[in-house]
Amino acid sequence: MKLLNFGCGATFHPAWVNIDLVSFSREVRAYDIRKNLPYPDAEFDACYSSHVVEHLKQDEAQKMLVECHRVLKQKGIIRIVVPDLESIVRDYLNALEQVDSGLKEVEPNYDWIMLEFYDQTVRSFGGGEMMRFLLNPDISNKDFIRPRIGAEAQNYWEVQPLQKSLWEKITSKQPYWFVQKLRIIITKFLVARIAGNEAMQAFEEGVFRNSGEIHRWMYDRYSLRRLLEQAGFIDVRICRADESRIPDFNSYNLDVVEGKVRKPVSLFMEGIKP
């Protein structure tokens with residue numbers, strides 16, 4: 001089978017064709033997937049993407065799924081994973097009712113749900129307020145957060161990051177990264193000189209918000225199913241993290257790693273190209 005993982009980030013498997021805006025490995029092709037998919041018609045047996053579609057504008061997401069439909073073979077499978085808006089909202093309402101009834105001990109959970117629900121839509125710097133919350137040494141509700149964000153919590157609390165030297169950081173970058181950084185620095189200087197520091201700060205925020213970190217939209221079981229059906233897919237259904245119509249999917253460690261769901265509060269949905 002030929003398998004495509006688009007917007008893979010740092011989660012990929014060598015058995016798949018992996019593509020993303022920025023390459024973290026020789027196994028990943030660097031390409032702006034918002035343009036199209038650089039593959040011929042009916043090339044793949046399955047397409048997979050996790051926590052990517054919500055980072056696209058609605059028209060970009062629709063175009064991307066149409067592209068997936070194009071590059072899939074007949075009876076090909078698409079698997080899309082996104083944050084589950086319905087689940088987050090239900091948990092938010094539950095936390096709201098609890099704190100409003102006077103349960104002060106639930107406030108940290110309420111604060112976290114607010115961040116989970118909204119921060120990645122409005123943040124203007126890397127990691128946002130969620131990162132600040134997670135880095136708090138006095139955080140009291142780890143047992144509440146860990147099942148919600150999975151391995152991401154371990155990255156903050158349990159895994160000590162390896163310190164790279166300046167040379168390692170420099171050599172790990174792709175050439176186009178340096179070109180892009182130089183362009184931004186020059187533009188920031190010109191904006192500040194012409195329009196002042198406030199305009200420069202607005203420019204910096206705009207660059208960040210177009211970097212791919214923020215959420216452009218959110219999806220629930222109805223809106224994601226409709227999006228897939230509008231792109232031409234049929235038999236669209238919700239599935240579990242460890243359930244898929246893609247043969248041997250669990251062996252690739254994409255949604256489930258060592259028996260644990262990588263992105264727990266997620267909506268997993270698959271469809272078929274007729």
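Helices (H or I, at least four residues) and strands (E, at least two) were taken as DSSP runs, numbered from the N terminus. The structure is a predicted model, in which local features need pLDDT of at least 70 and side-chain atom pairs count only at pLDDT 80 or more, whereas totals for chains, interfaces and linings use all residues. Residues are numbered from 1 along each chain as its sequence is written, and side-chain values use heavy atoms, with hydrogens and water left out.

Ten helices and nine strands make up the secondary structure of the protein. Its radius of gyration, 20 Å, is close to the 19 Å given by the globule rule for 274 residues, so the protein is as compact as a globular protein of that length; the radius is taken over C-alpha atoms, and the rule is 2.2 Å times the number of residues to the power 0.38. Along the principal axes, the C-alpha atoms fill a box of roughly 55 × 50 × 35 Å.

Of the 274 residues, 38% count as buried (under 20% relative accessible area, with a 1.4 Å probe and protein chains only). With contact defined as heavy atoms within 4.5 Å, 69% of the contacts between residues at least 6 apart in sequence join residues at least 24 apart.

At the residue level, Asn109 lies in helix α3, which spans residues 107-122. Asn109 has a relative accessible area of 17% and is therefore buried. When residues up to four places away in sequence are not counted, Asn109 touches Asn141 and Phe144.

Key:
Buried means under 20% relative accessible area, exposed over 50%, partly exposed in between (1.4 Å probe, protein chains only).
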